Amino acid sequence: MTNAMPGQKPANPLFSSGPCAKRPGWSLDALKDAPLGRSHRAKPGKAKLKLAIDLTREVLQVPADYRIAIVPASDTGAVEMAMWSLLGARGVDMLAWESFGEGWVTDAIKQLKLKDARVLKAGYGDIVDLSTINFDNDVVFTWNGTTSGVRVPDGDWIPADRAGLTICDATSAAFAQRLDWPKLDVVTFSWQKVLGGEAAHGMLILSPRAVERLESYTPAWPMPKIFRMTKGGKITEGLFEGETINTPSMLCVEDYIDALQWAKRIGGLDALIARADANTKMLADFVAQNDWIAFLAKDGSIRSNTSVCLVFSDPAVQALPADAQAAFAKAVAGAIEKNGAGFDIGAYRDAPPGLRIWCGATVETADVQALTHWIAWAFAEAKAGLAKAA
Ligand SMILES: Cc1ncc(COP(=O)(O)O)c(C=O)c1O
């Protein structure tokens, strides 16, 4: 039997998990109003930064009493700024279910050297038992595990009357999953994920309780300028009005504003979530129709609708040694990429071998559908290669 190459490629073959595809219809023309060559502290620049904050609040439905800042160094900058500024006042539960969460564990244990820290870890495709968390402690976690395709189901597991703060890395969840604001004290994300913005800047969102901690607690360690959010024991309010700590890229800001305005035009948060859900359903239908491919996250209630991770469950592939399984998955992704039908869909380097397909809001469902035909084709080619080699 011959394995016919699919006739149609995705109109947009970009499925990377960050930077993610630009919004449908995007072109460089979207950036023409950027106040380039002007100071970001001059009126036009400040107005743009404030607009980016205001649109973030509107589209993400952030409560009025939460503060929103644009900070340096992307999501990592925002998470570390929060960890360095807030942790150490009480114990901490560090939750990790993939490599980015593990990075925050390293920060807490090896860099900040927090003594009163509990580490709760789950393997790829799973999350920890959420009933075992101590909310007298601060809790640091990743809402959506980008490298393993898992997410927390909701915020119901977080008590409203917790004593500690919740610090949530939501970079691959924001704008595609509903964040339960009253349960979250710190939320971070960067622009290049669900809205397909440009990388460089981080967003840091603080609850009133997080601000209270900032104003009442001084960490024992030195605080670089880039992390400082208070002056003389008071929160630096300007930071949350667009007075950034250091110089932002006004081109990236303009692009983020464009993405937020697109989000508003198509119907806001509900529409963004619906797009990610529809893309993921396309893959779920594909998985249901084919017994050789499966989700890395077996439990549907914790399965991501943005970074969807798939493994080759075919017995012949599963029987291969680990390095040969990795080579098989690479061959599948490589064949698709070589034909220009799907870029950057290989599993993350530390994750189990397989595919990771970004299904965030900027991706079109018809493109995911077209990609599935290419996955089926490339899998059959790779499997035929296995049979030949045997
Ligand atoms: C869950 C998670 N946290 C942190 C990061 C790092 O983000 P950034 O490169 O914006 O600092 C990523 C990047 O993919 C991520 O997926």
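1. The buried residues of helix α6 pack against α1, α5, β13, β14 and α9. Here a residue is buried if 20 or more other C-beta atoms lie within 10 Å of its own, exposed if 12 or fewer, and partly exposed in between, with C-beta atoms placed from the backbone. Packing refers to contact, in which two such C-beta atoms lie within 7 Å. Helices (H or I, at least four residues) and strands (E, at least two) are DSSP runs, numbered from the N terminus.

2. The model is predicted: local features need pLDDT of at least 70, side-chain atom pairs count only at pLDDT 80 or more, and totals for chains, interfaces and linings use all residues. Residues are numbered from 1 along each chain as its sequence is written.

3. The buried residues of α6 include Leu-269, Leu-272, Arg-275 and Met-282. Seen down the axis of α6, the buried residues fall within an arc of 160°, so they line one face of the helix; the arc is that of the directions from the helix axis to the C-beta atoms. The face turned away from the buried side carries the exposed residues Asp-270, Asp-285, Ala-288 and Gln-289.

4. Helix α9 (residues 365-389) has buried residues including Asp-367, Trp-374 and Phe-379. Among the elements that cover the buried residues of α9 are α6 (268-289) and α8 (322-338).

5. The domain assignment of the protein gives domain 1 (28-264) and domain 2 (268-389); such bounds come from an automatic or database assignment. The contact takes 28 residues from domain 1 and 26 residues from domain 2.
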